[in-house]
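Please open the model in the viewer and keep the selection panel at hand.

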Amino acid sequence: MERLQPIGFLKKVMCYLPLYLFTFLLLSCGPEGNKFRLSGRLRNINQGEFLIYSPDGGFVGVDTIKVRNGRFAYEKEVRNMVTLIIVFPNFSEQAVFATPGEEVEIKGDATHLKEMTIKGTDENDELTKLRARVNKLTPPEIPGAIAQFIEENPTSIVSMYLLDKYFVSVKEPNYSEGQRLAALMLKADPDNGRLRKLGKQLEGLKNSRLQVALPSFTATDLKGRKISSGEMRGKVGVITTWASWNYPSTEIQRRLRRLQRKYPNQLSLVSICLDGAKKEVQQRVDRDTLDWAVVWDGKLFETPLVQQLGLFVVPSVIVVNKQGKIVARDLELNNVEQDIEKYLK
């Protein structure tokens with residue numbers, strides 16, 4: 001949870017003491033004020049930790065959730081309803097919708113995370129029911145079911161999350177359908193700044209889709225040097241996003257370093273760091289010997305080059321062939337070297 005005149009004050013205290021005690025006990029039973037509480041239990045996991053972050057600005061950076069005997073609890077102050085993403089040890093992710101003063105509970109089995117339930121608020125109940133339905137569908141049927149949910153719930157924060165997960169931030173995105181659904185949602189909620197922003201992002205993604213020419217760009221790297229897309233001409237270009245809090249993205253940088261040393265005159269690299277503090281970025285660059293152009297301006301996902309190229313996932317990867325055409329996007333960590341190397345041979 002989150003002064004006075006002697007005798008009169010004592011009388012008031014005695015009069016209101018039962019009410020004060022009742023209020024204290026009531027508030028101590030759940031989250032107070034703007035705090036959101038998450039608790040849960042997963043079978044088949046004894047101890048460890050999960051990562052948690054907010055893609056829509058609920059808080060900056062990444063927190064950890066400690067797991068003891070399969071049980072865990074997490075509390076965060078939020079000012080309005082926001083999306084939280086839990087990252088499990090196997091790097092799978094699950095969304096939770098956090099509302100000030102509310103509490104949700106997670107139950108499930110760590111070996112069958114798709115069957116996990118999240119209950120406690122309408123939004124989390126809705127997503128749990130949808131996930132149970134989606135689990136019974138074949139892969140080709142899933143986008144249609146998601147689109148139907150969004151069409152029926154255009155103002156829901158759940159729909160915002162689903163739009164990104166199933167139509168934008170996937171290996172084979174459908175930007176046309178994403179734009180259609182975003183327009184429908186914006187019509188239902190015209191004051192939604194996030195939707196307007198998403199519309200701009202989808203435009204960037206469309207401009208940097210597979211088999212189109214890499215858009216011309218300029219930027220300034222950490223050393224203050226001007227760089228441009230022209231430097232990639234005649235080489236295989238790789239543009240990535242990374243952040244110190246995202247292991248796959250930093251591991252991709254290390255694997256790119258190996259490729260660069262193997263093909264020093266054939267590979268052109270640009271890495272965009274989405275960390276908040278320049279000092280930490282420079283320390284990581286020095287430690288991992290990232291001796292190519294690293295772009296950082298402290299604007300995170302508002303970085304102009306991120307917006308222009310539609311790099312709204314960490315990690316994001318764009319591969320450009322020697323003719324300047326985008327030939328691959330968002331490669332898997334385990335295959336990133338071999339997928340890039342085939343354009344170098």
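Begin by selecting Thr250: leaving aside its neighbours within four places in sequence, Thr250 is in contact (heavy atoms within 4.5 Å) with Trp242, Ala243, Ser244 and Arg284. Thr250 is placed in helix 7, residues 247-262; helices here are DSSP runs of H or I with at least four residues, strands are runs of E with at least two, and both are numbered from the N terminus. Thr250 counts as buried because its relative accessibility is 4%; buried means under 20% relative accessible area, exposed over 50% and partly exposed in between, with a 1.4 Å probe and protein chains only.

Two remarks on provenance apply throughout. The model is predicted, so local features need pLDDT of at least 70 and side-chain atom pairs count only at pLDDT 80 or more, while totals for chains, interfaces and linings use all residues. Residues are numbered from 1 along each chain as its sequence is written, and side-chain values use heavy atoms, with hydrogens and water left out.

Next, select helix 2 (residues 122-134) and helix 3 (residues 142-152), whose axes come within 11 Å and cross at roughly 155°. Axes are lines fitted to C-alpha atoms, for helices over the stretch in contact, and angles run from 0 to 180 degrees between N-to-C directions. Helix 2 and helix 3 are therefore roughly antiparallel; angles over 145 degrees count as such, under 35 as roughly parallel, 65 to 115 as roughly perpendicular and the rest as oblique. On the helix 2 side, display Glu126, Leu130, Arg133 and Val134, which meet Ile142, Ala145, Ile146, Gln148 and Phe149 in helix 3. The residues of this contact comprise six nonpolar, one polar and two charged.

Now centre on Leu162. Which residues touch the most other members of the largest nonpolar core? Leu162 and Ile239 do, in a core of 51 residues; such a core is a set of buried Ala, Val, Leu, Ile, Met, Phe, Trp, Tyr and Cys residues joined through side-chain atoms within 4.5 Å. Helix 4 (residues 157-168) supplies the largest share of this core, eight residues. Beyond its neighbours within four places in sequence, Leu162 is in contact with Leu127, Leu130, Ile146, Phe149, Ile150 and Phe167.

Finally, select Ile252, Trp296, Leu331 and Leu344, which are among the 26 residues of another core, apart from the largest one.

Definitions and conventions. Nonpolar A, V, L, I, M, F, W, Y, C, P; charged D, E, K, R; others polar.
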